[in-house]
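The model is predicted.

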Amino acid sequence: MKACFMGLGYIGLPTAIIAAKSGIDVVGVDINEKVVEQTNAGHLHIVEPGLEDLLQDVIKSGLFKAKDVYPEMSHLEGFIDLERCYVLNTTGRWWLLKSFWTHLELLRFLRKGRFSTIHLAWPPNIYEWVLYWLRRRMVLTVHDPLPHSDSNTFVVRLRRWLAFHLIPRFILLNTAQRQTFIDTYHLKDSQVIQARMSCCTYLHTVVPATEGIPAAGSYVLFAGRISAYKGLDYLLPAMEQVHRQCPDMRLVVAGSGSFHFDVSRYRQLDYVDIRNRFIPDSELVALIKGCAFMVCPYTDATQSGVVMSAFAFAKPVIATNVGGLPEMVVHGHYGLIVKERDTEALAQAMTTLWQQPDTVKAYAAEIERDYRSGELSWHHTAQTIVGEYRIEN
């Protein structure tokens, strides 16, 4: 049995290693040269206890060989067999012939390799549709069972419609939207594999910034792309209310994107720090590590990488009762769940956690315990997915 993993990030790499350890012949593909170099040397670029030993075992056994898609990997020739490495460069522009041609080459590679499983992380784009020739071997991780309100465009709907009609199996990362997903796209229950996201442990490899970071514990954090569904038009008014009871609390809003309402008044407040720009990982990590807790006041959602980034550093989260967020932020264990679009409820939850530091510590301890080695760890998630591969094949 063979499997090809397209992308060796915090989902693909642990799953690929467990698959290789289970006896599956694995090929990994990633566009990041450093990831390829580290993986082939037997070193993780993410943090997951015990996983590096497994990686070194499968590297030695020859079951796992990472590949790169950039020609710059030529300097690795001294310790990587480039005869087994393949390069895929594409423009990303669907209207250019090169985009089609390069994916036709990828199709030929996958057919020749006779991979029994091809794991995709996103619905194929227009120039990738040639890969549907192998659709019976595909498994698709569905990050958004329903499209976000700000990305429900014609092209997105078309890509999703094709993927959900042509690909036979799907991995969902929350149970709240499972039935809606099945009903919306007319799928069978047996086509959907249930898994869970774990925390973004790869962030532990990032060196935190040291400049421009507020004092540890002096602020709460909103981080991520600015968009209408993120609920900042509820969070900022809530912060004004909180400030009356907790004058020592600050709010940091960090992320690029456009506000859909006027925030000029909030920029003038000395207890609100709006960083409306791209946030590099070094700054993001420093902000997460230093905050008291994080806030995700979304008005709609599926699951959230922001929550998993917070949990990577055992930071509790206040989130709204939408999508899969209540599954991720278990109320009273990993943080608090409040009603969406409710400024009063949001302000009360922020005040409660700020005034109860022992509760915050208790939540942090539960996050640390459950996501490090329990059923919410990547190790467990990867084993679940590999088990489904074996059932299918």
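Contact here means that heavy atoms lie within 4.5 Å. By that criterion, Tyr234, Leu235, Pro237, Ala238, Met239, Gln241, Val242 and Gln245 in helix α7 meet Thr343, Glu344, Leu346, Ala347, Met350, Thr351 and Gln355 in helix α12. Sorted by class, this contact has 9 nonpolar, 5 polar and 1 charged residues.

The two helices span residues 232-245 for α7 and residues 343-355 for α12. Their axes are 8 Å apart, and the packing angle is about 45 degrees. That angle makes α7 oblique to α12, because an angle counts as roughly parallel only under 35 degrees and as roughly perpendicular from 65 to 115. The crossing of α7 and α12 is right-handed.

One residue of this contact can be followed further. Thr343 belongs to helix α12. Leaving aside residues up to four places away in sequence, Thr343 touches Tyr234, Pro237, Ala238 and Gln241. Is Thr343 buried or exposed? Its relative accessibility is 18%, so Thr343 counts as buried, the cut-off for buried being under 20%.

How far apart are Gln383 and Ala195 in sequence and in space? In sequence they are separated by 188 residues, while their C-alpha atoms are 9.9 Å apart in space.

Note on methods
Residues numbered from 1 in each chain as written. Predicted model: local features only at pLDDT ≥ 70, side-chain atom pairs only at ≥ 80, totals over all residues. Heavy atoms only, no water. Axes fitted to C-alpha atoms, helices over the stretch in contact; angles between N-to-C directions. Helix = DSSP H or I, 4+ residues; strand = E, 2+ residues; numbered from the N terminus. Parallel < 35°, antiparallel > 145°, perpendicular 65-115°, else oblique. Left-handed = near helix turned anticlockwise from the far one by under 90°. Nonpolar A, V, L, I, M, F, W, Y, C, P; charged D, E, K, R; others polar. Buried < 20%, exposed > 50% of the residue type's maximum accessible area, 1.4 Å probe, protein only.
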